[in-house]
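Open the model in your viewer and have the selection tool ready.

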Amino acid sequence: MQLANYDVSARDVRTVGDFKQAFLDHLNYTRGQDLQTASVNDMYFAIAYTVRDYLMHRRSQTMAAYYAANPKVIYYLSAEYLLGRQLSQNLLYTDTLDLARQAMTELGLDLDRLIAEDPEPGLGNGGLGRLAACFLDSLATLDIPCIGYGIRYEFGMFKQSFEDGWQVESPDDWLYYGNPWEFPQADDMVTVGLGGRTETYTDDQGNFRVRWLPTQTVLGEPYHTIVPGFRTRTVNILRLWRAHASEEFEFKLFDIGDYARAVAQKVYSENISKVLYPNDNTPQGESLRLQQQYFFVACSLRDIIRRFLVQNNDWDQFPNKVAIQLNDTHPVVAIPEMMRLLLDDYGLSWDRAWTITINTFSSTQHTLLPEALETWRIDLFGSLLPRHLEIIYEINHRFLDDVRAKFPGDEYRVQSMSIIGEGGQRQVRMANLACVGSHSINGVAELQSKLLRERVLRDFAEMYPERFNNKTNGVTPRRFMRLANPRLADLITSRIGDGWLTDLEQLRGLESHVQQPDFRQAWREVKHQNKIDLANHIGTTLGIAINPDSIFDIMVKRLHEYKRQLLKTLHIITLYNRIKANPDVDLLPRTFIFGAKAAPGYHAAKMIIKLINAVGAVVNHDPDVRERLKVVFLPNFNVSLGELIYPAANLSEQISMAGKEASGTGNMKFALNGALTVGTLDGANIEIRDRVGAENFFLFGLTADEVFATKANGYNPSDYYHSNLELRGVIDRIASGDFAGGDPGRFREIVDTLRYRDEYLLMADYQAYIEVQDRVDAAYRDVERWTEMSILNTARCGFFSSDRSMQQYSDEIWRVTPVRVNP
């Protein structure tokens with residue numbers, strides 16, 4: 001049959017035969033192969049294109065509906081998107097999973113093998129990027145018009161491996177074979193300027209104007225990826241920008257044989273979209289990061305304005321048709337870029353342009369770490385973006401006049417709130433700029449939002465109290481329950497129906513089944529089978545035999561000192577020391593599973609990875625341990641690996657120092673999959689504990705207020721070393737070289753940090769952490785009680801859906817309404 005006549009809108013004609021024919025057509029006409037000659041990769045592309053055809057029909061309907069409605073559209077700007085594999089999700093969202101499986105079986109093919117070929121887009125690093133992907137998924141599911149914008153990183157986040165326990169980075173060439181889910185849009189290429197100077201002039205109406213004369217231009221080519229909603233016909237898009245040189249090469253240089261210089265500008269320009277987060281420890285790396293951020297927002301704003309002008313011509317209506325959400329500080333340079341476009345390109349007055357800008361932008365602050373509140377050196381910023389620096393100076397001048405008017409005589413406040421940091425090296429403070437140029441500033445968990453208002457951005461909250469609000473994060477249950485944990489999803493659906501996939505609060509219905517013995521047994525069997533799957537993966541990839549009856553104690557997240565993977569390691573060594581002191585000590589078997597990447601330039605984090613692997617190498621092979629402890633560090637943690645890990649966890653480690661974690665979303669994924677949390681009162685842990693019940697959560701550690709008080713009173717970690725015999729034994733074992741082949745100097749940095757600095761209060765929280773872990777051990781022995789706690793964690797975490805988050809953003813920040821797409 002001809003693909004052009006394949007009517008995917010009529011569900012009753014979608015048969016196994018139709019799907020099989022479409023697959024063979026793509027294999028033949030798109031890939032140039034048949035079943036006898038095709039590689040597995042050819043077959044993967046053929047099935048991906050087949051599923052994509054279903055979605056593109058819906059995309060056409062979505063565009064028609066949006067054009068007819070001319071609605072307000074959300075434009076989501078994020079430096080990261082961790083999408084995960086697309087084929088399995090798109091099979092689910094097109095309701096073709098069973099169809100595809102049967103079709104592939106009839107052709108003698110294994111669908112799961114083809115799904116495994118699906119590359120994971122390397123567009124993000126951690127929670128920020130995965131959150132952005134969840135949000136796009138939910139917006140499409142809620143029928144909210146949205147376009148995500150970002151960078152099409154050629155290599156993205158590095159691939160992680162270990163050599164002698166050390167992290168080794170290699171390129172993540174995720175685009176090596178191409179990407180069937182994207183569409184290049186060369187006709188929408190945008191020209192972006194960098195460097196140069198500005199000049200003033202008077203326009204034809206006698207108005208004072210400024211023009212920017214950049215010395216370098218880069219082309220931005222958009223690629224859009226389809227973002228379907230679940231159980232809806234809405235298909236939104238993610239638009240990613242790839243950098244191209246404005247001139248491919250200088251022919252005169254090439255003609256005389258100077259090939260390197262002939263293509264130097266091409267290489268320089270295209271570096272902008274080459275790698276996610278280049279190391280900014282060098283001036284060149286710092287410059288490249290600023291170029292990346294400006295490049296993607298400049299391209300995106302041009303595209304947004306172009307779309308607005310298709311059906312609108314009244315600039316004062318711009319905020320009624322456009323809402324731009326800035327995901328953290330990376331895209332905040334969009335605020336002066338919008339002003340530049342409105343002032344210089346479209347001739348608006350300052351006051352009119354500023355009103356439009358403020359009412360268009362809203363920003364999300366994802367951090368409480370001072371070092372993560374992005375700043376740029378004035379000299380660097382001015383050399384790359386001279387016009388933008390002029391605009392920022394003017395914004396700051398007017399803003400500080402308002403501050404002085406509201407708080408007369410308070411020059412300390414003026415200095416603190418200034419967009420330009422004057423202390424030492426002058427800097428542009430991007431978080432301050434976001435607060436000044438956005439009508440809404442939201443945190444991502446109740447505690448973090450409170451700390452933003454009361455500490456990190458207190459002066460701005462006192463200046464603009466109406467702008468600050470909380471929007472607690474959430475995750476999509478379609479990927480992190482239905483796709484990641486189909487056994488659990490089927491069990492839940494068998495009891496309460498499948499409406500929970502789009503209304504996660506329906507999980508509350510499980511509470512009426514919690515006392516049923518057959519349900520409890522089925523729940524335990526699901527968890528056990530998931531643990532077997534993970535144990536098999538560990539055995540296959542690392543050659544480590546895992547006991548699926550042991551407690552799976554899991555900590556997977558970005559490696560940062562404040563997240564305290566090192567505290568988890570101290571607990572492992574504590575148990576190891578107890579075994580060495582008494583080989584017959586009664587310990588329940590535990591498997592400790594880590595997954596984390598350290599930033600390439602983050603030496604302390606890489607040293608912690610080395611220590612964890614070194615501890616594992618000793619513990620896993622010590623005959624005294626007798627298989628009671630196993631330490632596993634899975635390399636290259638990503639979304640796909642997370643989908644295998646979350647369903648298998650018994651215990652979720654959320655142990656950051658209180659007052660440092662913005663929200664966390666891994667904590668939500670674990671809890672929704674029936675893991676129990678051991679955690680501090682930090683980030684969204686607080687809200688999880690409030691909902692699941694204190695009796696179903698293992699709490700320990702100092703509160704945020706106690707952390708601040710402890711530090712203010714002169715914290716001395718050595719006091720804990722000397723007063724706590726078990727802690728001293730742990731530190732001394734690390735210092736002795738037992739985990740370093742007898743080399744006492746190998747981990748001296750870690751020992752000295754713990755004993756003499758300990759910025760994240762591991763020593764202060766150690767005893768409480770060991771005690772709560774002993775309670776975990778006791779609780780796990782009561783199988784029925786543990787099962788009940790597990791079920792209640794899932795049943796009571798329906799609040800933590802990204803659908804709920806996006807509905808709150810839509811109602812309370814963006815003021816947008818859904819547009820229903822009809823067949």
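Which residues have the most contacts inside the largest nonpolar core? They are L77 and I324, in a core of 115 residues. A nonpolar core here is a set of buried Ala, Val, Leu, Ile, Met, Phe, Trp, Tyr and Cys residues joined through side-chain atoms within 4.5 Å. Buried means under 20% relative accessible area, exposed over 50%, and partly exposed in between, with a 1.4 Å probe and protein chains only.

Before going on, note that this is a predicted model, in which local features need pLDDT of at least 70 and side-chain atom pairs count only at pLDDT 80 or more, while totals for chains, interfaces and linings use all residues. Residues are numbered from 1 along each chain as its sequence is written, and side-chain values use heavy atoms, with hydrogens and water left out.

**The cores**

Select helix α10, residues 283-311: the largest share of this core, twelve residues, comes from there. Helices (H or I, at least four residues) and strands (E, at least two) are DSSP runs, numbered from the N terminus. Next select L77 and show its contacts, meaning heavy atoms within 4.5 Å. Leaving aside residues up to four places away in sequence, L77 touches Y149, F296, V297, I304, I324, Q325, L326, N327, P331 and A334.

**The largest cavity**

A cavity is a set of points, on a 1 Å grid over the protein atoms alone, where a 1.4 Å probe fits but cannot get out; lining residues have an atom within 4 Å of a point. Grid points are joined across faces, edges and corners, and a volume is the space filled by probe spheres set on the points. By this rule there are six cavities of 30 Å³ or more, and the largest has a volume of about 110 Å³.

Select L83, Q86, Q89, R130, A133, L136, D137, I226, V227, P228, T476 and R479 to see the lining of the largest cavity. Which helix gives the largest share of that lining? It is α6, with four residues. Both α6 (127-141) and β9 (216-228) supply at least two residues. The lining divides into six nonpolar, three polar and three charged residues. Ala, Val, Leu, Ile, Met, Phe, Trp, Tyr, Cys and Pro count as nonpolar, Asp, Glu, Lys and Arg as charged, and the others, Gly among them, as polar.

Stay on P228, in strand β9. Is P228 buried or exposed? P228 counts as buried because its relative accessibility is 1%. Its contacts, not counting residues up to four places away in sequence, are L55, N90, Y93, D137, A140, T234 and V235.

Select 375-377 and 420-421, the edge strands β13 and β14, each pairing on one side only. They belong to an open sheet of three strands in the order β13-β15-β14, with antiparallel pairing. Strands pair if DSSP finds at least two bridges between them; β14 and β15 (residues 427-429) have two. I420 stands opposite V428 in β15.

**Two loop residues**

Select D328, in the loop between β11 (322-327) and α12 (334-345). D328 is not a glycine, but has a positive phi of about 75 degrees. With 9% relative accessibility, D328 counts as buried.

Finish at D758, in the loop between α31 (748-757) and α32 (762-781). Its phi is near 50 degrees, a positive value in a residue other than glycine. D758 counts as buried, at 2% relative accessibility.

How values were computed:
On a 1 Å grid over the protein atoms alone, a cavity is a set of points where a 1.4 Å probe fits but cannot get out, and a pocket is an open set with protein on both sides within 12 Å along at least five of seven lines; lining residues have an atom within 4 Å of a point.
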